[in-house]
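Student: Please show me the model. I would like to work through its packing with you.

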Amino acid sequence: MAKKYDLKLKGTVGYWNFNQHTVDEVLDDMHDQEVHVLIDSLGGMVKEALSISSAFSAHGNVHVHYRGMNASAATISSMGAKHISIDASALYLVHKCSFTVFEWDALNADELIAKAEEYKKLAADAEKIDITIATMYAKRCKKPIDDLKALMAENKWLSAQEALEWGFVDEVVEGGEQVRLTASVATAMASEGMPVPDMNIEADSFFEKFAALFQKMFNAKGIESLTAQAKPVEQKESEQPDNNQNPTNLMKKTYLMVAAILTAIQSAMPEASEDGKYPLDDAQLGAIEDALKSAQTAQEAKDQEIATIKAQLATAQQEIKDLKEKPAATQDHVVDDNHHAPGNEEKSPVEALCAAFANAREMMK
């Protein structure tokens with residue numbers, strides 16, 4: 001008989017299905033009772049995880065059970081629990097915290113120095129957070145804090161037995177669900193810089209449907225090969241894998257936009273029913289459809305701008321060709337020409353070409 005849980009925390013920590021508000025409501029309703037919590041999450045917001053851990057500790061009688069792959073903030077969330085168990089087949093990951101950093105711009109020397117100072121501050125903040133988390137782990141595991149900091153820096157998945165040996169959990173439970181790694185989940189993990197477990201990556205219908213959709217919308221070449229690479233392939237021991245075709249490497253190098261949208265959609269999806277269907281209501285379906293339409297419209301506008309710039313480049317190149325074929329102007333003509341008179345400025349073919357290239361460069365940012 002399946003175990004009954006008073007609270008199931010899944011998906012991204014800090015989102016609608018794994019947040020402090022939901023936890024507080026359940027704990028308040030069961031303030032004098034034993035509370036059983038299921039966690040199945042790859043992590044999320046550290047701040048939310050710290051609050052949930054504190055709430056578990058304040059309640060005093062929370063029992064947490066892990067199944068599947070659990071990492072990052074999901075592991076922090078349980079530190080205040082009275083008892084922690086894990087499926088024998090589950091995986092567990094602790095690592096150093098990270099900030100989302102994305103910069104695509106041209107910076108001068110002053111701006112580069114300012115950006116470097118900004119990143120130094122982020123690094124200092126990250127170090128403080130790492131120390132806080134390592135201290136929590138060390139207290140739970142009853143091990144030196146330096147050992148926990150070293151483990152976090154390794155950024156590697158632990159088996160259930162290893163998690164028990166370290167002291168993160170109190171009990172390993174046999175007979176749990178077998179862990180499966182689908183292409184959409186592996187892609188999301190790789191895009192976030194999370195290590196992908198060394199196991200077969202299975203193609204899932206969710207990933208295949210959206211891969212087909214994006215290929216149709218954006219003509220994204222290579223998505224078929226990514227989906228094909230994601231299917232389980234038996235490899236002989238003597239064969240050496242091609243690093244350029246390894247699905248993990250492929251996912252890390254390309255299709256980050258697809259990964260981000262897949263992750264966002266999956267984090268907001270309800271749990272699939274037993275037949276594998278997702279019970280979305282009209283509002284959720286409408287939100288997904290609107291997002292995809294907006295992306296398509298933006299892409300079409302960008303394609304049109306690129307086509308216009310290409311036409312400008314072709315025109316400029318033709319003008320340069322025509323100019324080269326004409327005889328050189330006499331010196332008198334150059335002196336007497338009012339071509340550059342105020343109000344009558346007209347770009348030369350070379351100037352037009354430079355302007356077109358500048359526009360093209362701006363478009364590619």
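What follows is a set of questions and answers on strands, helices and cores.

Tutor: This is a predicted model, so a word on conventions: local features need pLDDT of at least 70, side-chain atom pairs count only at pLDDT 80 or more, and totals for chains, interfaces and linings use all residues. Residues are numbered from 1 along each chain as its sequence is written, and side-chain values use heavy atoms, with hydrogens and water left out.

Student: Which residues touch the most other members of the largest nonpolar core?
Tutor: A nonpolar core is a set of buried Ala, Val, Leu, Ile, Met, Phe, Trp, Tyr and Cys residues joined through side-chain atoms within 4.5 Å. Buried means under 20% relative accessible area, exposed over 50%, partly exposed in between, with a 1.4 Å probe and protein chains only. The largest core has 41 residues, and those with the most contacts to other members are Val 37, Phe 56, Tyr 92, Tyr 137 and Phe 168.

Student: Which residue in E3 does Leu 38 stand opposite?
Tutor: Strands pair if DSSP finds at least two bridges between them. Strand E2 (residues 35-44) runs parallel to E3, with five bridges joining them. Opposite Leu 38 stands His 65.

Student: What is the handedness of the crossover from E2 to E3?
Tutor: The chain passes from E2 through helix H2 (residues 46-59) to E3. With the strands pointing away from the viewer, a clockwise path from the first strand over the helix to the second counts as right-handed. This β-α-β crossover is right-handed.

Student: How many residues of strand E3 are buried?
Tutor: Val 62, Val 64 and Tyr 66 point one way, while His 63 and His 65 point the other way. Both sets are buried. For E3 (residues 62-66), the count is five of five.

Student: At what angle do H4 and H5 pack?
Tutor: Axes are lines fitted to C-alpha atoms, for helices over the stretch in contact, and angles run from 0 to 180 degrees between N-to-C directions. The axes of H4 and H5 (residues 145-154) lie 8 Å apart. The angle is about 120°.

Student: Why is helix H7 largely enclosed by the rest of the structure?
Tutor: Its buried residues include Ala 183, Thr 187 and Met 189. H7 (residues 183-191) is largely enclosed because its buried residues number seven of nine.

Conventions. Helix = DSSP H or I, 4+ residues; strand = E, 2+ residues; numbered from the N terminus.
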